[in-house]
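Look at the sequence and the model side by side.

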Amino acid sequence: APFIVDAHTHSICPGEKSPLSFPTPDMNFSPTDWLAAMDSFSIESIMIAPIEPLTTNPERSSLEYYAPFGKSDPERFRYFEIFNPHGGKDHIDRICNSLNSPGCAGIKIHPVQHRTEADDDSYEAVYSIASEYGKPILTHSWEISAYNPLQYMSHPDRFRRFLKRYPETV
């Protein structure tokens, strides 16, 4: 029986052009295709962080992308809402609305993708919201590297400021 929980799965909405510069096998997966792939790898459930709101379409919420998955099998599919530090009030409102969904596992931030250091003031809002709604925050953190110099934006030390203030978001 499946036993793995994949807490960080990216998906691309079927029929939409991928924002990725490389093809992935799931580019046209329906929820049924995902379930078959999950079963073949003993994956019990996945938590989706849709690529489009993360990279090219911050005006849409992850809840919109998750809807067909949640209708298909809400026990095996959950999602992370995406926070963009450059979003405005409408963006925050969409996130808050999405966090009320039982399928929402938490909020994902990506300082490198959004070119905003993890300790920037703009992240205060997402930590406050996550705390209020009792949701964890998922992120990438890296050591500084020569091959990807932007990784300094997500160095683990940059998260200390908000984690001290909002320890319940871990």
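This is a predicted model: local features need pLDDT of at least 70, side-chain atom pairs count only at pLDDT 80 or more; totals for chains, interfaces and linings use all residues.

Residues are numbered from 1 along each chain as its sequence is written, and side-chain values use heavy atoms, with hydrogens and water left out.

**The nonpolar cores**

- A nonpolar core is a set of buried Ala, Val, Leu, Ile, Met, Phe, Trp, Tyr and Cys residues joined through side-chain atoms within 4.5 Å.
- Buried means under 20% relative accessible area, exposed means over 50%, and partly exposed is in between (1.4 Å probe, protein chains only).
- The largest nonpolar core holds 27 residues. Those with the most contacts inside it are Phe77, Ile107, Ile109, Val126 and Tyr127.
- At least two residues of this core come from each of α1 (31-40), β2 (43-48), α3 (62-72), β3 (77-82), α4 (89-99), β4 (104-108) and α5 (124-133). Helices (H or I, at least four residues) and strands (E, at least two) are DSSP runs, numbered from the N terminus.
- Helix α5 gives the most to this core, with four residues.
- Another core, of seven residues, lies apart from the largest one. Met47, Ala49, Ile82 and Ala105 are among its members.
- What does phenylalanine 77 contact, leaving aside its neighbours within four places in sequence? Its partners are Pro31, Trp34, Leu35, Met38, Ile46, Ile48, Tyr66, Phe69 and Ser72. Contact means heavy atoms within 4.5 Å.

**Helix against helix**

- Two packed helices are described by the angle between their axes and the distance between the axes.
- The axes of α4 and α5 come within 11 Å and cross at roughly 20°. Axes are lines fitted to C-alpha atoms, for helices over the stretch in contact, and angles run from 0 to 180 degrees between N-to-C directions.
- Helices α4 and α5 are therefore roughly parallel to each other. Angles under 35 degrees count as roughly parallel, over 145 as roughly antiparallel, 65 to 115 as roughly perpendicular and the rest as oblique.
- The crossing of α4 and α5 is right-handed. A crossing is right-handed if the near helix is turned clockwise from the far one by less than a right angle, and left-handed if anticlockwise.
- On the α4 side, Ile92, Ile95, Cys96 and Leu99 meet Ala125, Ile129 and Tyr133 of α5.
- By class, this contact of α4 with α5 has seven nonpolar, no polar and no charged residues. Ala, Val, Leu, Ile, Met, Phe, Trp, Tyr, Cys and Pro count as nonpolar, Asp, Glu, Lys and Arg as charged, and the others, Gly among them, as polar.
- The axes of α1 and α3 come within 9 Å and cross at roughly 65°. This crossing of α1 and α3 is right-handed too.
- Pro31, Trp34 and Leu35 of α1 make the contact with Pro68, Phe69 and Ser72 of α3. The residues of the contact divide into five nonpolar, one polar and no charged.

**Buried serines**

- Serine 62 sits in helix α3. Is serine 62 buried or exposed? Serine 62 is buried, with a relative accessible area of 0%.
- Not counting residues up to four places away in sequence, serine 62 touches Pro50, Pro53, Tyr79, Phe80, Glu81 and Ile82.
- Serine 98 belongs to helix α4. Serine 98 is buried, at a relative accessible area of 1%.
- Leaving aside neighbours within four places in sequence, serine 98 contacts Leu63, Tyr79, Glu81 and Cys104.

**Positive phi values**

- Most residues other than glycine have a negative phi.
- Serine 42 has a positive phi of about 60° although it is not a glycine. Serine 42 is found in the loop between α1 and β2, and is partly exposed at 26% relative accessible area.
- Arginine 115 also is not a glycine, yet has a positive phi of about 50°. Arginine 115 is in the loop between β4 and α5.

**Two prolines**

- Proline 2 lies in the segment before β1 (4-9). Proline 2 touches Asp39, Ser42, Ile43, Glu44 and Arg76, not counting residues up to four places away in sequence.
- Proline 19 is in the loop between β1 and α1. Proline 19 and glutamate 52 are 33 residues apart in sequence and 7.0 Å apart in space, C-alpha to C-alpha.
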